[in-house]
Every structure is written in C-alpha cells, then in structure tokens.
Amino acid sequence: MYKIKAQKLSPEKFRKYGEYIDLLDNESMKQASVFPENFFADLIHLNFGKETLPTISVCDVKKSDRNIVSFLEAYQLTCERLLPLDGDVVIFTGILKEKFSVQNLEAFYVPRGTFVKLNPLIVHGTQYPVKDAEVHIVCMLPERTFKNDMMGQRLTDEEKAEITF
C-alpha cells in the first residue's frame, strides 16, 4: 500500500494548498493583524461566493489502528476551512491532476487551534486524530457545497494509501 508520511506544517510546504494560522498563538496573530493585541482582525480572507451562505459544520473523527485514505474529494470553486478544536490531527492534501490519485498527496500535522484554508481544486479528505480517541473539527463551507460543488472518488483497495505519523 502506498505510504504518506505526515510532516509539520510550514508556510513553504503548505503554500500551494492554501494557508493556515495558529489561532492560539498571539505572536503569530499579532504579525498578521492590523491590531497588535486583544482583537486580531482579518487574519485570513475567506471568499464564500455570492450564491450561498457560509455554514459551520463539525467533523467528528475517531482514531483507528491505521490511517487509510479511501476517499478523495476536491471542490471546483470553493475553499474549505478547517479548525481542530479539541485535539491535534493530520490532514492530507494534493493538487488535482487529470484524475484523483494518492500518488501526489502530502500529509500535514495540524495542531488544535490551527485554522487551515484549503484552496479550490485541492484534493483532501478525512482528518486523522494524532493522540486523542476523538477530535471535533469545525468545517466551514458555503451551504450544500457537498452537493453542488464537490468532486469525489471512492478508492479501490489497490488505490488506497496509508498515512503514517
């Protein structure tokens, strides 16, 4: 089975997929905000489009013995936003080529409280708890994106990958 090793988030490695900021790190937020303390404004710009309203959803992910990538998805026009609330997770991302494939995926360690924005056409999927048995992740998308903008593919056993960390 194809293996993907999770790596630490860094601006250089993650830039092609989107952006992120640690919402629990005041020093990072001071550098990104127009206000130096107490209210850190406009940290990441979010375009939800004009057709639908932004929504908040929650991904409830549970730890398993193996972290198998079995489904890939991407949005044509929409950015997905993720915020792990109560635990650290690993996410995977990739650039959508002619077809979905695990061969060009990278995995990243995302500490709780770190807000991640994935750009349109970025391949991604479920998140994997690092230590905790269960982690809740805020997922921000325009309403019904999973119905009106999502492209996805369930993988056969031969196409799957395992994420290690």
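In this predicted model, Glu106 has a relative accessibility of 17% and therefore counts as buried, the limit for that class being under 20%. The side chain of Glu106 takes part in a salt bridge with Lys16, in which the closest N and O atoms are 3.5 Å apart. Glu106 belongs to strand 8 (residues 106-110), whereas Lys16 is found in the loop between helix 1 (11-14) and strand 2 (18-22), so the contact ties together parts that are 90 residues apart in sequence.

The structure holds eight salt bridges. Another of these joins Glu162 to Arg66, with 2.9 Å between the closest N and O atoms. Glu162 is located in strand 14 (residues 161-164) and Arg66 in the loop between strand 3 and strand 4 (67-69); the pair therefore ties together parts that are 96 residues apart in sequence. Through salt bridges that share partners, Lys3, Arg66 and Glu162 are joined into one network. Glu162 counts as buried because its relative accessibility is 10%, while Arg66, at 44%, counts as partly exposed.

A salt bridge is also formed within a helix. Lys30 and Glu27 are the partners, and their closest N and O atoms are 3.4 Å apart. Both residues lie in helix 2, three residues apart, which is about one turn of the helix. Lys30 has a relative accessibility of 34% and so counts as partly exposed. Glu27 falls into the class of partly exposed residues because its value is 47%.

Aromatic side chains were examined next. The count comes to six aromatic pairs. In one of them, the ring centres of Tyr17 and Phe108 are 6.0 Å apart and the ring planes stand at 65 degrees, so the pair is edge-to-face; the cut-off for this class is an angle over 60 degrees. Tyr17 is part of the loop between helix 1 and strand 2, and Phe108 is part of strand 8, so this pair ties together parts that are 91 residues apart in sequence. Tyr17 is buried because its relative accessible area is 1%. Phe108, with a relative accessibility of 0%, therefore counts as buried. One aromatic cluster is formed by Phe14, Tyr17, Tyr20 and Phe108.

Phe35 is placed in the loop between helix 2 (26-32) and strand 3 (54-62). With a relative accessibility of 39%, Phe35 counts as partly exposed, because this class lies between the limits of 20% and 50%.

Strands of a sheet pair through backbone hydrogen bonds, in either a parallel or an antiparallel manner. Here, five strands form an open sheet in the order 2-9-6-12-3, and their pairing is antiparallel. Strand 2 and strand 3 are the edge strands, each of which pairs on one side only. On average, neighbouring strands of this sheet are turned by 20 degrees against each other, with direction ignored. Within the order 2-9-6-12-3, strand 6 (residues 80-84) and strand 12 (residues 134-142) are paired in the antiparallel sense over four bridges. Pro84 has Ile137 in strand 12 as its bridge partner.

Note on methods
Residues are numbered from 1 along each chain as its sequence is written. This is a predicted model: local features need pLDDT of at least 70, side-chain atom pairs count only at pLDDT 80 or more; totals for chains, interfaces and linings use all residues. Side-chain values use heavy atoms; hydrogens and water are left out. Helices (H or I, at least four residues) and strands (E, at least two) are DSSP runs, numbered from the N terminus. Buried means under 20% relative accessible area, exposed over 50%, partly exposed in between (1.4 Å probe, protein chains only). A salt bridge is a side-chain nitrogen of Lys or Arg within 4 Å of a carboxyl oxygen of Asp or Glu. Rings of Phe, Tyr and Trp (its six-membered ring) pair if their centres lie within 6.5 Å; planes under 30 degrees apart count as stacked, over 60 as edge-to-face and the rest as tilted. Two strands pair if DSSP finds at least two bridges between them. Axes are lines fitted to C-alpha atoms, for helices over the stretch in contact, and angles run from 0 to 180 degrees between N-to-C directions.
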